[in-house]
Amino acid sequence: MSCQYDYFISYAREDNEDGFVGEFVERLVKNSDLETLLGAKPRVFFDQEAAGGADDWESAVRAGIDTSRRLLVFLSPNYFKSERCAAEFARWLESDERRALPDAGITPIQIADVPGLFDDGPVDVPQALLDRFPNWVPELRARQISADFDLRDGAASIDAALAALCRAGRGGAGSRESASAQEDGSSPDDDANGDADAPADQAPAGSDAKTSLEILEKAVEDHPDHLPHMLVLRDFCLQLGETAESEGRSDEARMLYERALEMNKRIVAQTPDDLEAALLLSLSYDQLGDLLKNKGDVKGARAYYVKGLEEVKKVLERTPDDLKALRGLRVSHISLGDLSREEGKDDEAQKDYEKALEISARIVEIEPDNFEERHTLSVLYGNLGTLLESNGELQQARERYNKALETQKKIVKETPQDLDALRALSVSYNKLGSLSVAEGDLKEARELYEQDLDISVQIAKRTPDDLQALHAVSVSCVNVGGLLQATGNLAQARERLEKALTIRKKILEHKPDDPQASRDLSVSYERLGDVAQEEGDLKEARGHYANALEISKKIVGQTPDELRALSGAYYRLGSLAEAEGDLARARELFKKALEIEKKLVALTPDDLDTARDVGISYHRLGDLAKAEGDAEQARGCYEQASGVFQKIFAKTPDDLAALRDQGVPLVSLGDLAAATGDFDQARRRFEQALKIDARIAEQTPEDPQALRDLIVPYSRLGSLSETIGDYAQAKAWLEKALVLRKKVAALAPDDVEALRDLSNAHKQLSNVSSSTDDDKQTQEHLEQALLADVQIVELMPNDRDALRELGLSYVFLGQFALSAGDDVQARRRLEKAAEELAKVVALAPDDEDALEVLSYSYRKLGDFANADGNKDQARSYYKKEVDASSQLVKLAPENLKAAAKLNIAYGKIGGIAEEQGKLKEARAYYERALEGYKNVVEQAPYDEDARYNLGVAYANMGAIAEAEGDLQQAKQYNKLSQRLISPPSLFAKLLGWIKGLFGR
């Protein structure tokens, strides 16, 4: 066994509060006798120095244990209350090689009284630790502590303990090289009187590496069959090889590993029954395979891995249940699977991963209580799931993830304090959540992410100073927040995202120079900005985006990725400025994003994601130019975007996402051509987009997004045909779009967007049918649109857009019934319309569209009641119309049509009052109408309709005056009425025309 450390220090944290253990380690490292013995300063794994900065503390400690020569255990009552100490001790004894040593390589050092440890009484150990580590206390009781290692008197005894360690080294392991030989079963005293032994035992201790290697090579050359020499040379080559590899001298490392491999072959040839030697030979092949893999020599690495696999299979043929051999075989299959993945051979990788999984399952059968192996099994399930997911085999991936989850749940149930098990369980919930997102099941994804969040919080509470645990909580919060945002739960999304922001601020305080911590904080600001923008709080959104921008500026220049984050910040601020209507500012920000993206493309020409960002920015600039009326500029930007996307697709012809991107600017170019009257060009662009989207839909027939994309060119072609009056062709295109919209809605029955698209498709087809006087088709489509709008309101009962659309559908059907002469059906539809639109106005009193249609509905309902002779009901509806129209006029005083309709409503209420003999009330409403019409005519003096309505108002006032007996006033009103109602003379018409022409 080749070791990186001479001593591993296992102790309880509380026992070093006074610095005692630290002092022991410091004096151990500086001990000159041990340095002479070992040939160099003692290498000590002391977690304060070796693992304190590791991101994965547990992994670092396990690696330290596995590569240490001796375990120094500092016994105290605190030691037996520490889960970490128990786990370290158990890990040490997992090695069969160590168990074979007389003392298992363990040196107990007593630093405090431990009642019951050596008198067979009860030792104060938490029950949970006794259950998990039943051999812990018995193993330590089986050892005796010499007086030299009794340090209960404090620091004064340390020198004696170090001297004892040195004596033990001379009598046992000696130098690191001779110690390696002893661990392999030889002894420094073998053939003590022979000349062959001296060079191997003595030369490496004090000579430099090159000289030592030459001495060992000479010893093996002189005595080619001397096993101890071969063992020492093998271990020395491995040690030097590991050092060379870690320092980047891979060619030298390969030479040394190959020499170690040669020694292993000779050792196996000399000891064919030694299964341990055979396993070490397999490991040598694997080590060379790892080296070549890291150098990029995939073919050479595979050759070594295959040879290692063959060697370990030979061992298993003789001992099928040998755990070491099984573990070695598992490692070989994993290594081969990793290579296949690098080569893009995912089918071969899957086969090797499946074999590794089978081996792990077999090991667990042999050792059902081995939590480490059960954990490894769960990890393999998870890794295989990741491979399957990346290949689009989502169902199989889910099966593997669920297997991992089940295994981890059992481990956590049996060992609830095991943080590794909890972390693994958290990861499985996260992977299943991501899979559900990919499958579109956001409800399930949220539940899984919530489970992940709960576990992450548990871990963070138990390890409050662990920044990695806090980071995991923040990631979980962001995942949950993203799903809440996607499903419209913005308040809850904000809560989760603000929690993530608080955590990430704390992490950055502890790691101010960590780019990843800064990047994470920037992402949190961006997500909160997105939520604020959706909520309509653009000021808050701008603040969050600005914070993200400042963070990105600080870390830019470290890596190209940071440049991309900076471009993303500019892009978000540009989108916000566009939403605020500040198109000039939006253009400026999008251009900044584009400049950075171009730099990134120059730095990383093979990064297609960055190239795609360039295309998207060009497209957004095209949208801005179009919105500002600059068709030529818009066309140029759209064509630039199209060119970028075509280049990306040329490099990845099988990438459907790249193919989809090509269709987007084609539709925009088609829209631009249609808007400028170039209908032939528009048709060509839409048909090109149609071919692309049809190809995608053929390959992914159940993908809702692919179907939505295909709907767009069908709808555009239908609208274009409708515009030029080709209603038959328009109907054909729109019906194809409708079929696809129905399929999308069927795939996601609760998808509001899909239902809204379905409603709009039916409304558009109703317009086409109406243009061709197909009343039956018109009504059918209007009825289908209504059904979709009803479903939307059921899903979103307080959404004003949904309520408005439903009200409009009722109005359309009411108007259709009116045109068909079905007053009963018309009234029923308009009553429903008024009911839904009143809800909209209650939610948004300033919604002008809703107020206008609501006013219309009340007017028509009043007319129905008036025609039926139900004057009171008619008055009630007209008064409601007055309320709606008054609010509309208040919001838009320049809207003369709304003012005219308000005046008509006043007149209708006055007319009902007049009929009922309520002359005072009638006069009041007629006067309101008269004043209103005067105001309209003042603003539009040459509007014939306005002048006529003013004349009617004077006539109404004259009728009231006459009914009240004021004939003189009645005469005056009637005179004014006749002047306005009578047809104007030719001269008056000409004069009005001239004044209108000159705007007077």
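Biologist: At 25% relative accessibility, what does arginine 587 count as?

Modeller: This is a predicted model, in which local features need pLDDT of at least 70 and side-chain atom pairs count only at pLDDT 80 or more, while totals for chains, interfaces and linings use all residues. Residues are numbered from 1 along each chain as its sequence is written, and side-chain values use heavy atoms, with hydrogens and water left out. Buried means under 20% relative accessible area and exposed over 50%, with partly exposed in between (1.4 Å probe, protein chains only). At 25%, arginine 587 therefore counts as partly exposed.

Biologist: Which residue meets arginine 587 in a salt bridge, and where does this residue lie?

Modeller: A salt bridge needs a side-chain nitrogen of Lys or Arg within 4 Å of a carboxyl oxygen of Asp or Glu. Arginine 587 meets glutamate 628 at 2.2 Å, N to O. Arginine 587 is in helix H28 (residues 583-603), so the pair ties together parts 41 residues apart in sequence, the partner being glutamate 628 in the loop between H29 and H30.

Biologist: How many residues apart in sequence are the parts tied together by arginine 496 and glutamate 450?

Modeller: The closest N and O atoms of this salt bridge are 3.1 Å apart. Helices here are DSSP runs (H or I, at least four residues), numbered from the N terminus. Arginine 496 lies in helix H24 (residues 490-510) and glutamate 450 in helix H22 (residues 442-462), so the parts they tie together are apart in sequence by 46 residues.

Biologist: Is aspartate 847 buried or exposed?

Modeller: Aspartate 847 forms a salt bridge with arginine 804, with the closest N and O atoms 2.3 Å apart. Arginine 804, at 15% relative accessibility, counts as buried. Aspartate 847 has 8%, so this residue too counts as buried.

Biologist: What arc do the buried residues of H30 cover around the axis?

Modeller: The buried residues of H30 include Ala634, Tyr638, Ala641 and Phe645. Their arc, taken from the directions from the helix axis to the C-beta atoms, puts them on the same side of H30, because the arc is only 165 degrees.

Biologist: Which residues are exposed on the other side of H30?

Modeller: What covers the buried residues of H30 includes helix H29 (608-627), helix H31 (656-675) and helix H32 (679-699), where contact means heavy atoms within 4.5 Å. On the other side, the exposed residues are Glu632, Lys647, Ala650 and Lys651.

Biologist: Which residues are linked in a network of salt bridges?

Modeller: The structure holds 84 salt bridges. One network links Arg62, Asp420, Arg423 and Asp466.

Notes: Helix = DSSP H or I, 4+ residues; strand = E, 2+ residues; numbered from the N terminus.
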